[in-house]
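This report goes through a protein chain by topic.

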Amino acid sequence: YTWNTGATTTSIVVSPTVATNYTVTGSNGSCTSSLVTSVTTNSLPTVTSTTATICAGQSATLTAGGATNYTWSTGATTSSIIVSPTITTNYTVTGNNGTCSNTRTTSVVIAPTPTVTASSATICPGASTVLTAGGATSYTWSTGPTTSTVSLSPTTTTNYTVTGSNGTCANTRTTSIVVNPNPTVSVNSPTVCSGQTTTLTASGASTYTWNPGGLSGSSVTVSPTSNQSYTITATSSLSCLGNTVTTVSVTATPTVAAASTTICPGGTATLTASGATTYTWNPGGSTGSTFTASPIVNTTYTVTGANGNCTNTRTVSVNIGSAISIAVNNPSICAGQTATLTAGGIGNLNWYAS
């Protein structure tokens, strides 16, 4: 055989780009004969396929076109497939138009998911604080702002969510602002007598400042001369402030008055006290503003006067005067006569007939 390509084999391999006729001449030694054959060139399908960029955990739909039927490297034979790669992955699709086929490679790119950070805070009631987000290029807070920082003043402990995006992928972070309570301060309110001191003791906080006076500490000693209010400003361990007011009531101490006296032996003295509302006499234990005493020797008495809560004392003496010895004559006379009576032992005498 002789082909018009020059080949002299029974079979030849050709690769025409267009439909082409080929002539082969056969010879049996004496005689020859020729035959014309043709190779028809069918066009290859132009296979197309979409690409995708997704975030981790998402799915992508890849769609092929340009052919009649398709076979994907995943085994699927539909024009569209759904894939969920965990890393950037290439996929191959072979498209066939019945006679010819062609291949297309496409990819699904996994974009990075931002690691969103957000600060937290602890505040006192009435205070404000700033929360700051990071790790992304844009942010949206659950309160509405789209900035990386937000200023907030919650009245109670509150959680906040910020969504950060890097353009393709987003992530969410939850943070909180803890609102610590102001300390609840307790303090005593004593009543004292004028001239005395008392101790005020506060509790419920970490540090305390007392005014007036500028004193510090949980306990302070004061000596007010009249009713006095004190304001306690207390700070907790987290610098939260609490205030309370206490009053020291001052009761006047009575000024007790009583006078000493002198009596004759065997006599009785009445002692009188004033300046208080109740009285107690000692020795004797008698009560009342007056006290009757009949000492046989010089004696000191203490009277304690009280006006309710406050007391004061006064000391008085009952002194015994000297005893008197009187001498007088006892004359005898006749009726109608006169007699002279003479007394001695005392300077001043009063005579009485009996």
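## Two further cysteines

Cys 264 is exposed, with a relative accessible area of 55%. Cys 100, by contrast, is buried at 14%. Here buried means under 20% relative accessible area, exposed means over 50%, and partly exposed lies in between (1.4 Å probe, protein chains only).

The model is predicted: local features need pLDDT of at least 70, side-chain atom pairs count only at pLDDT 80 or more, and totals for chains, interfaces and linings use all residues. Residues are numbered from 1 along each chain as its sequence is written, and side-chain values use heavy atoms, with hydrogens and water left out.

## Disulfides

A disulfide is a covalent bond between the sulfur atoms of two cysteines. With the criterion of a pair of cysteine sulfur atoms within 2.5 Å, the count comes to 3 disulfides. Counting bonded cysteines along the chain, the pattern is 1-3, 2-5, 4-6.

Cys 55 lies in strand β5 and Cys 169 in the loop between β16 (158-165) and β17 (170-179), so the pair ties together parts that are 114 residues apart in sequence. Strands are DSSP runs of E with at least two residues, and helices are runs of H or I with at least four, numbered from the N terminus. Cys 55 is buried at 6% relative accessibility, and Cys 169 is buried at 1%.

## The other two bridges

Cys 124 and Cys 240 are joined by a disulfide with an S to S distance of 2.0 Å. Its torsion about the S-S bond is about -95°, so this disulfide is left-handed. The pair links distant parts of the chain, 116 residues apart: Cys 124 is in the loop between β12 (121-123) and β13 (129-134), and Cys 240 is in the loop between β24 (228-235) and β25 (241-251). Cys 124 counts as buried at 15% relative accessibility, and Cys 240 is buried at 0%.

In the disulfide of Cys 193 and Cys 310, the sulfur atoms are 2.0 Å apart. The torsion about this S-S bond is about -105°, so the disulfide is left-handed. Cys 193 is in strand β19 (residues 191-193) and Cys 310 in the loop between β31 and β32 (311-320), so the pair ties together parts that are 117 residues apart in sequence. Both Cys 193 and Cys 310 are buried.

## Aromatic rings

Rings of Phe, Tyr and Trp (its six-membered ring) pair if their centres lie within 6.5 Å; planes under 30 degrees apart count as stacked, over 60 as edge-to-face and the rest as tilted. By this rule there are 2 aromatic pairs. Trp 281 and Phe 291 are stacked, 5.4 Å centre to centre with 20° between the planes. Trp 281 lies in strand β29 (residues 278-282) and Phe 291 in strand β30 (residues 290-293), so the pair ties together parts that are 10 residues apart in sequence. Trp 281 is buried at 0% relative accessibility, as is Phe 291 at 11%.

Phe 291 and Tyr 301 form an edge-to-face pair, 5.3 Å centre to centre with 65° between the planes. Since Phe 291 is in strand β30 and Tyr 301 in strand β31 (residues 299-306), the pair ties together parts that are 10 residues apart in sequence. Tyr 301 counts as buried at 7% relative accessibility.

## A sheet of 4 strands

An open sheet of 4 strands runs in the order β5-β10-β9-β7, with mixed pairing. Its edge strands are β5 (52-55) and β7 (69-72), each pairing on one side only. Two strands pair if DSSP finds at least two bridges between them.

Strands β9 (residues 89-96) and β10 (residues 101-111) pair in the antiparallel sense over 8 bridges. Arg 104 in β10 is the bridge partner of Val 93.

## Val 150

Val 150 is placed in strand β15 (residues 149-152) and is buried, with a relative accessible area of 6%. Leaving out residues up to four places away in sequence, Val 150 touches Thr 129, Val 130, Leu 131, Trp 141 and Pro 145, where contact means heavy atoms within 4.5 Å. Val 150 and Trp 210 are 60 residues apart in sequence and 37 Å apart in space, C-alpha to C-alpha.
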